[in-house]
Each structure stands twice: as structure tokens, then as C-alpha cells.
Amino acid sequence: MNTAKKHLILSTIFCALTLFIFLAFYQKLPESIPIHFDSSGSADSYCPRTAAVFGIPAASIVLNLLAAFSLTKKDSPSVFLYYAVPAASAVTALLVVYLALN
């Protein structure tokens with residue numbers, strides 16, 4: 001297995017692991033989770049808890065696959081680029097949980 005494929009698989013697993021962040025707080029999350037905030041910090045858009053818990057990790061996996069496949073077409077991409085989407089996914093999951101609980 002080549003290096004690009006290993007990074008693709010590993011980064012996709014990291015994106016999928018964000019589901020466990022949501023599942024750990026599932027019972028504490030409100031039924032409607034704020035997903036967008038206006039300039040004053042007030043929530044102005046909500047989504048159902050189940051859609052956020054399963055949709056955000058699914059969307060991050062899709063984005064990760066698109067980014068990784070575009071990186072494999074380059075001659076020598078930096079390794080950290082394979083893990084930019086998983087890092088953003090983890091930060092997003094933690095922020096959504098934090099903001100939903102406050």
C-alpha cells in the first residue's frame with residue numbers, strides 16, 4: 001500500500017471518530033442544535049440533534065475523501081494536508097457540542 005493511500009485511510013478514520021465526540025454527549029445535547037450564529041453571537045439557524053450528530057461526521061468524511069483524492073493527483077503534497085480536514089472536523093465537533101450545551 002502506498003503512502004498516499006495510508007494517509008487517505010487514516011485521515012478518513014480520524015474524521016469518522018468525530019462521531020464518538022457527538023455520541024458521548026448525545027443525551028445532553030438539546031433536540032435542536034444551533035448551527036449558525038449571527039454577528040452578535042445569537043443562534044439564527046438550528047438543525048435536529050440526530051442530523052447534526054450523524055451529518056457532521058458524514059460531511060467531514062466526504063470532504064476528506066474529496067481533498068485526499070485531489071492531493072493524490074499532486075506529485076509530492078505535504079503530509080499535513082491529508083489531516084487538515086480531520087483536524088477541522090474535530091474542532092467543529094467540539095465547538096458544536098460546546099455551543100449546544102451553553
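User: What share of the contacts in the chain with a separation of 6 or more comes from residues 24 or more positions apart?
Analyst: They account for 64% of those contacts. Keep in mind that this is a predicted model.

User: OK. How many helices and strands are there?
Analyst: The chain has three helices and two strands. Along the sequence the pattern reads α-β-β-α-α.

User: And what does the C-alpha trace span?
Analyst: About 45 × 30 × 15 Å along its principal axes. Of the 102 residues, 26% count as buried.

User: Switching to the strands. Which way do β1 and β2 run, parallel or antiparallel?
Analyst: Antiparallel. Strand β1 covers residues 32-37 and strand β2 covers residues 43-48, with five bridges joining them. Ile 33 stands opposite Cys 47 in β2.

User: What sits between the two strands?
Analyst: Five residues, and the strands form a hairpin. In the turn, Gly 41 has a positive phi of about 95°.

User: Now the helices. At what angle do α2 and α3 pack?
Analyst: About 165°, with their axes 9 Å apart. Over 145° counts as roughly antiparallel, so α2 and α3 are roughly antiparallel to each other. The crossing of α2 past α3 is right-handed.

User: Which residues make that contact?
Analyst: From α2, Ile 56, Ser 60, Leu 63, Asn 64 and Ala 67. From α3, Val 85, Pro 86, Ser 89, Thr 92 and Val 96.

Definitions and conventions:
Residues are numbered from 1 along each chain as its sequence is written. This is a predicted model: local features need pLDDT of at least 70, side-chain atom pairs count only at pLDDT 80 or more; totals for chains, interfaces and linings use all residues. Side-chain values use heavy atoms; hydrogens and water are left out. Axes are lines fitted to C-alpha atoms, for helices over the stretch in contact, and angles run from 0 to 180 degrees between N-to-C directions. Helices (H or I, at least four residues) and strands (E, at least two) are DSSP runs, numbered from the N terminus. Angles under 35 degrees count as roughly parallel, over 145 as roughly antiparallel, 65 to 115 as roughly perpendicular and the rest as oblique. A crossing is left-handed if the near helix is turned anticlockwise from the far one by less than a right angle, and right-handed if clockwise. Contact means heavy atoms within 4.5 Å. Two strands pair if DSSP finds at least two bridges between them. Buried means under 20% relative accessible area, exposed over 50%, partly exposed in between (1.4 Å probe, protein chains only).
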